[in-house]
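Have a look at the fold first, and then we will start from a single side-chain pair.

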Amino acid sequence: MIQEIRAKIAVDLFELSRHAVDQSLKRGITIAEMLEAIAIAELIEDYPQDKYGPTCLILGYTQAKRPLRILCSYPTRPLIKIITVYEPDPQQWIDHRVRKA
């Protein structure tokens, strides 16, 4: 699935939700950083039964090594929808992947 997401993003077949735009501005995350992170991202959580349609959470790093977690729709949609993006808080996550107990 991650290869299909990357392929669609690479040819601009994506859109940002209003929430993703708001959160990226609030958190100082640029579209270029999102694209960098997605290009080498890994799938870390899968939500096939999400109430608004199947989604997944991916983790990638910018060229400056900034970790970004990106929630997006499955690649079965014509456009990948980026729902939200954030930098994981190291006090809440282990290796940016697993929530601390």
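Let's begin with a pair of side chains: those of Thr-55 and Asp-50 make a polar contact at 2.8 Å (a pair of N or O atoms within 3.5 Å; within protein, one must be able to donate a hydrogen and the other to accept it, and residues adjacent in sequence count only if both atoms are side-chain atoms). The model is a predicted one, in which local features need pLDDT of at least 70 and side-chain atom pairs count only at pLDDT 80 or more, while totals for chains, interfaces and linings use all residues. Residues are numbered from 1 along each chain as its sequence is written, and side-chain values use heavy atoms, with hydrogens and water left out.

**Around Thr-55**

- Thr-55 is part of strand 3, which covers residues 55-61; helices (H or I, at least four residues) and strands (E, at least two) are DSSP runs, numbered from the N terminus.
- Thr-55 counts as buried because its relative accessibility is 3% (buried means under 20% relative accessible area, exposed over 50%, partly exposed in between, with a 1.4 Å probe and protein chains only).
- Setting aside residues up to four places away in sequence, Thr-55 touches several residues, including Asp-46, Tyr-47, Leu-71 and Ile-83; contact means heavy atoms within 4.5 Å.

**The nonpolar core**

- The largest nonpolar core has 19 residues, and Ile-5, Ile-9, Ile-38, Ile-58, Ile-70 and Ile-82 touch the most other members (such a core is a set of buried Ala, Val, Leu, Ile, Met, Phe, Trp, Tyr and Cys residues joined through side-chain atoms within 4.5 Å).
- Two or more residues of this core come from each of helix 1 (2-10), helix 3 (31-39), strand 3, strand 4 (67-73) and strand 5 (80-86).
- Ile-58 is in contact with Ile-38 and Ile-70, and its other partners include Ile-2, Leu-43 and Cys-72, leaving aside neighbours within four places in sequence.

**Helix 3**

- Which residues of helix 3 are buried? They are Glu-33, Met-34, Ala-37 and Ile-38.
- These residues lie on the same side of helix 3 because they cover an arc of only 130 degrees around the axis, the arc being that of the directions from the helix axis to the C-beta atoms.
- They pack against helix 1, strand 1 (14-16), helix 2 (18-27), strand 3, strand 4 and strand 5.

**Two contrasting positions**

- Ile-80 sits in strand 5 and counts as buried, with 0% relative accessibility.
- Among the residues that Ile-80 touches, not counting those up to four places away in sequence, are Ile-5, Ile-9, Phe-14 and Cys-72.
- Lys-65 belongs to the loop between strand 3 and strand 4 and is exposed, with a relative accessible area of 64%.
- From C-alpha to C-alpha, Lys-65 is 20 Å from Ile-82, and the two are 17 residues apart in sequence.

**The chain as a whole**

- The chain has 3 helices and 7 strands, in the order α-β-α-α-β-β-β-β-β-β.
- Its radius of gyration is 13 Å, close to the 13 Å that the globule rule gives for 101 residues, so the chain is as compact as a globular protein of that length (taken over C-alpha atoms; the rule is 2.2 Å times the number of residues to the power 0.38).
- Of the 101 residues, 38% count as buried.
- Among contacts with a separation of 6 or more, 52% join residues 24 or more positions apart.
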